[in-house]
Every structure is written in structure tokens, then in C-alpha cells.
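Here are some notes for reading alongside the sequence and the structure. Please have both open while going through the points.

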Amino acid sequence: MNDRKLFALARDAAQNAYCTYSHFQVGAALLTQDGKVFCGCNVENASYGLTICAERTAICSAIAAGCRDFESIAIVATQRATPCGACRQFLAEFVQPTFRVLVAALVEPDAYQVYSMEELLPHQFTFP
Ligand code: THU
């Protein structure tokens with residue numbers, strides 16, 4: 001699975017975003033080490049704080065399916081954005097420091113930026 005195909009899946013997922021309050025669509029496609037892909041979109045709520053980000057939706061879907069070994073995640077949004085702090089910590093629970101995080105705008109998926117997990121969240125919290 002190359003980056004371009006992963007972004008195509010993330011874009012499909014973004015179409016399902018439930019973002020009636022922010023109107024900010026986000027889609028994520030999480031690639032496992034054995035080539036499976038789990039997608040997610042943001043799901044908002046009238047009680048704003050209950051909103052779930054696209055990245056966490058994708059991770060939960062993978063974990064629920066019994067997959068825990070990940071290679072990369074492609075994230076597209078109305079405007080290019082890196083994962084929020086909560087999603088960084090949530091991702092860091094399961095991935096290696098070299099895990100790739102790819103981000104792009106929905107309208108310009110080929111102009112994507114690549115970060116490593118380590119770069120996005122140094123000194124993550126781990127249980128002592
Ligand atoms: N959002 C994500 O899906 N992922 C992030 O990493 C940051 C923000 C969503 C949450 C909310 O539905 C909308 O973007 C605006 O904050």
C-alpha cells in the first residue's frame with residue numbers, strides 16, 4: 001500500500017465525517033504492518049467535548065478488530081492539520097517512534113507532509 005492509495009482511503013473516510021458543528025472534515029486511514037487499512041472520520045456531538053477525532057476512530061476500529069501493529073497513518077482534513085495532542089498520545093500507545101504520520105488537505109492530497117511519531121510527541125506519557 002503506497003502513500004497515495006492510503007490518502008485515497010482517508011479521503012473516502014472524510015466524506016463520512018459528522019462535523020455538523022465545526023464543518024471541519026477529517027478522515028484517517030491507518031495502515032497495519034500486514035497491509036490492512038482501518039479508516040476513521042471525526043464524529044461530533046451537540047455536547048462538544050464528546051467529539052471523537054478521525055485518528056482515534058481509526059485506531060479504535062483497528063484495535064477492536066485485533067490489529068495492533070501499525071506502519072503509518074494518512075490524515076486529510078478541510079485544511080492540512082497535524083493530529084491533536086490527545087490523538088498523539090493515543091497513537092503513541094500503539095506505535096513505534098518511527099511510525100509515519102502523513103498529513104494533507106482534502107483538496108491537495110499530493111502535497112502531503114510526513115512526520116515521525118517521535119517528532120510529534122517526544123516524551124509521551126507511559127505508565128511508570
Ligand atoms: N479533529 C480531528 O478529527 N482530528 C484532530 O487531530 C483534530 C481535530 C476534528 C475534531 C472536530 O470534529 C474538528 O476536527 C474540529 O476540531
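1. Ser72 has a relative accessibility of 3%, so this residue counts as buried, the cut-off for buried being under 20%. Bear in mind that the model is a predicted one.

2. Where does Ser72 lie? The residue belongs to strand 3, which spans residues 70-77.

3. Which residues touch Ser72, once neighbours within four places in sequence are left aside? They are Leu6, Ala29, Leu30, Leu31, Phe99 and Arg100.

4. Strand 3 also has a part in covering helix 3: the buried residues of that helix are covered by elements including strand 3, helix 2 (54-64) and helix 4 (117-120).

5. Helix 3 runs over residues 85-92, and Cys87, Arg88, Leu91 and Ala92 are buried in it. These residues lie on the same side of helix 3 because they cover an arc of only 135° around the axis.

6. Cys39 is part of strand 2, residues 37-41. Is Cys39 buried or partly exposed? Its relative accessible area is 32%, so Cys39 is partly exposed; that class lies between the buried limit of 20% and the exposed limit of 50%.

7. With neighbours within four places in sequence set aside, Cys39 has contacts with Leu9, Ala13, Ala28, Ala29, Ala58 and Ser61.

8. How far apart are Cys39 and Ile73 in space, C-alpha to C-alpha? The distance is 9.3 Å, while in sequence the two residues are 34 residues apart.

How values were computed. Residues are numbered from 1 along each chain as its sequence is written. This is a predicted model: local features need pLDDT of at least 70, side-chain atom pairs count only at pLDDT 80 or more; totals for chains, interfaces and linings use all residues. Side-chain values use heavy atoms; hydrogens and water are left out. Helices (H or I, at least four residues) and strands (E, at least two) are DSSP runs, numbered from the N terminus. Buried means under 20% relative accessible area, exposed over 50%, partly exposed in between (1.4 Å probe, protein chains only). Contact means heavy atoms within 4.5 Å. The arc is that of the directions from the helix axis to the C-beta atoms.
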